[in-house]
Amino acid sequence: MNLIELEKEIKECIKCDRLVEFREKIANEKRKSYLDWDYWGKGVPGYGNENARFLILGLAPAAHGGNRTGRVFTGDKSAEFLFRCLHYVGLANQANSDHRNDGLIFDGYITAAVKCVPPGDKPTAEEKDNCEPYLIREFDLQTQLRVVLGLGKIGFDACLKFVRKTYPLKMKDYKFGHGVKYTLPNGLILFGSFHPSPRNVNTGRLNFDMMVELLEIIKSEIN
């Protein structure tokens, strides 16, 4: 299987009744500011370089971001912050991530642990388990991968759970936090970051300088 085949499978996935119902409900009702949009309303695959050395792993598509545009971290405030930082350090060709045909080139691969938008941004354990095989295949297809950045604890833990499938690993030994760095048993380097959500950015828990500093460290690891 290649990434194109995997993307098709993710887009057509209907494993989780609750998530299918919610993603379609959002797509039908829409937000007033996006009434002219034809919402995606399906599973949202990852995107980027298929020979990436750097992978960004988040939680799930946003209701009016990825679920609207069909591309994770696209068309919402989290994307706006993240790609402004990635562009600043030279890991993306532009500072905006607006829609699937906006010309964005990211020097890495970006995906989410859960491929459909969950109500309240809180997927159930069963929903995370249902999506896990997709994430495993994304990891397996990235044969040049060296560094993973987990955005938020769910993204961070999803990487650990992937590695734990084939290597002995105790989750409690890997504490999440912004800027933490671990070399995992399979050789991957895992960094943690607070999620670039509006809540974290607006409260100052995460700011531009903090993210840029972390991305500069990551850039030095992959060059």
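Some ground rules to start. Residues are numbered from 1 along each chain as its sequence is written, and side-chain values use heavy atoms, with hydrogens and water left out. Because the model is predicted, local features need pLDDT of at least 70 and side-chain atom pairs count only at pLDDT 80 or more, while totals for chains, interfaces and linings use all residues.

Let's begin with the sheet. Helices (H or I, at least four residues) and strands (E, at least two) are DSSP runs, numbered from the N terminus. Six strands make an open sheet in the order E1-E3-E2-E4-E6-E5, with mixed pairing; two strands pair if DSSP finds at least two bridges between them. Which strands stand at the edges? They are E1 (47–48) and E5 (181–183), each with a single partner strand, so one side of each has no neighbour in the sheet. Further in, E2 (residues 54–58) and E3 (residues 109–112) run parallel, joined by four bridges. Gly58 has Ala112 in E3 as its bridge partner. Helix H8 (residues 208–222) packs on this sheet, where it touches E2, E4 (147–151), E5 and E6 (189–193). Contact here means heavy atoms within 4.5 Å.

H8 also has a helix partner. H4 and H8 pack with their axes 9 Å apart, at an angle of about 50°. Axes are lines fitted to C-alpha atoms, for helices over the stretch in contact, and angles run from 0 to 180 degrees between N-to-C directions. On the H4 side we find, among them, Phe81, Leu82 and Arg84, meeting H8 residues including Phe208 and Met211. The residues of this contact divide into nine nonpolar, no polar and one charged. Nonpolar covers Ala, Val, Leu, Ile, Met, Phe, Trp, Tyr, Cys and Pro; charged covers Asp, Glu, Lys and Arg; the others, Gly among them, are polar.

Now compare H5 (residues 125–141) and H6 (residues 152–164), whose axes come within 10 Å and cross at roughly 70°. Lys128 and Glu132 are among the H5 residues there, and Lys161 is one of those in H6. This contact has seven nonpolar, no polar and four charged residues.

Last, the rings. The whole structure holds eight aromatic pairs; rings of Phe, Tyr and Trp (its six-membered ring) pair if their centres lie within 6.5 Å, and planes under 30 degrees apart are stacked, over 60 edge-to-face, the rest tilted. Phe54 and Phe106 are edge-to-face, 6.1 Å centre to centre with 65° between the planes. Phe54 sits in E2 and Phe106 in the loop between H4 (77–88) and E3, so the pair ties together parts 52 residues apart in sequence.
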